[in-house]
Amino acid sequence: MATPYSPLRPRGDTFTALDRAEDRFGEEQDVARGLVRTLTSMTASGLADEALRREAAGQAGWEDRRDAALATQREAAAYAPRISSLRDAAGLGDVVDFIQGAAPGAAASTLPSLGAALLTRGRWRPAAFVGAAVPSYLQSRGEIAAEQYIDPVLSQASVEERDRAATYGGAAMAALDTVLPGSLANSALRKPARDFLSQTGRAAVTEGLTETAQTGIQQFAHNTIDPTRGYDVWELLDAGVAGAAGGAGLAGAMHAPSYAINARLGRAQPAQN
């Protein structure tokens, strides 16, 4: 039986996690803190998804998974970077700090979908996008479920309402989330179609828009249960900026080998008369 705890997160209560976050990274290591927070939140999402599935099916043990998800999410908050949202930024320096803390996590959250896309890519280009959709759906559904369990109003809704919102919302988010992983997988180690900066910039715009839309879908899913929640514009902006930065970094890392190989081959070819 799988343990509900993950080696990606610390053990103990929230205050212990706070102490460990400070001891391990300090206040200024936003990159490391943001990355660990994302990995820990992904663990919480997986636990929340399992909890909601069990609750909807009437299976025993869902409360344990829910409690583990809530504890993991609280501990993830202990690793929050100094600037966790652009709403807290007082100047350009704070904006840079936000990007440093958010970009690595945004890139890391795409890795499961990217890995699945790489494994399923082939002559039929849509195969990579289909492969990316599976882990993306599970992750997206878990994110919605985790927020439902945390929120005092959403958590009081019927399990049918919550399961429906998580299922449809997760599917819509996953459909969008396949764009960058599928594209990167299909172009990996192949002759570049455009110059490096254009390719990286395109990935940044794509992922920035995708993350903004996904966050909007997630907010819509919550509003189907509690219409009084409304929409958080700052959360949308945070998602867009973090997604753009993470997408640029991930695309740069994925495309760099292809450009290096093609540049070397180009220099090695004999001159044409």
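The model is predicted, so local features need pLDDT of at least 70 and side-chain atom pairs count only at pLDDT 80 or more, whereas totals for chains, interfaces and linings use all residues. Residues are numbered from 1 along each chain as its sequence is written, and side-chain values use heavy atoms, with hydrogens and water left out.

The protein contains nine helices and zero strands. Helices (H or I, at least four residues) and strands (E, at least two) are DSSP runs, numbered from the N terminus. Of the 273 residues, 44% are buried, that is, under 20% relative accessible area, with exposed meaning over 50% and partly exposed in between (1.4 Å probe, protein chains only). Among contacts (heavy atoms within 4.5 Å) between residues at least 6 apart in sequence, 77% join residues at least 24 apart.

The largest nonpolar core has 20 residues, of which A48, L52, I144, Y149 and I225 touch the most other members. A nonpolar core is a set of buried Ala, Val, Leu, Ile, Met, Phe, Trp, Tyr and Cys residues joined through side-chain atoms within 4.5 Å. At least two residues of this core come from each of α2 (30-57), α3 (62-77), α5, α6 (159-177) and α8 (196-225). Beyond its neighbours within four places in sequence, Y149 is in contact with A48, A51, L52, E55, W62, R66, L70, S155 and R162. Another core, of nine residues, lies apart from the largest one and includes L114, L180, L250 and A251.

Helix α5 (residues 126-150) packs against helix α7 (residues 179-187) at an angle of about 135°, with the axes 8 Å apart. Axes are lines fitted to C-alpha atoms, for helices over the stretch in contact, and angles run from 0 to 180 degrees between N-to-C directions. The pair is therefore oblique, since angles under 35 degrees count as roughly parallel, over 145 as roughly antiparallel, 65 to 115 as roughly perpendicular and the rest as oblique. The contact involves A128, F129 and A132 of α5, and V179, P181, G182, S183, A185 and N186 of α7.

G246 is found in helix α9 (residues 233-268). At 5% relative accessibility, G246 counts as buried. Leaving aside neighbours within four places in sequence, G246 is in contact with A103, A106 and A107. The C-alpha atoms of G246 and G208 are separated by 8.5 Å, and the two residues are 38 residues apart along the chain.
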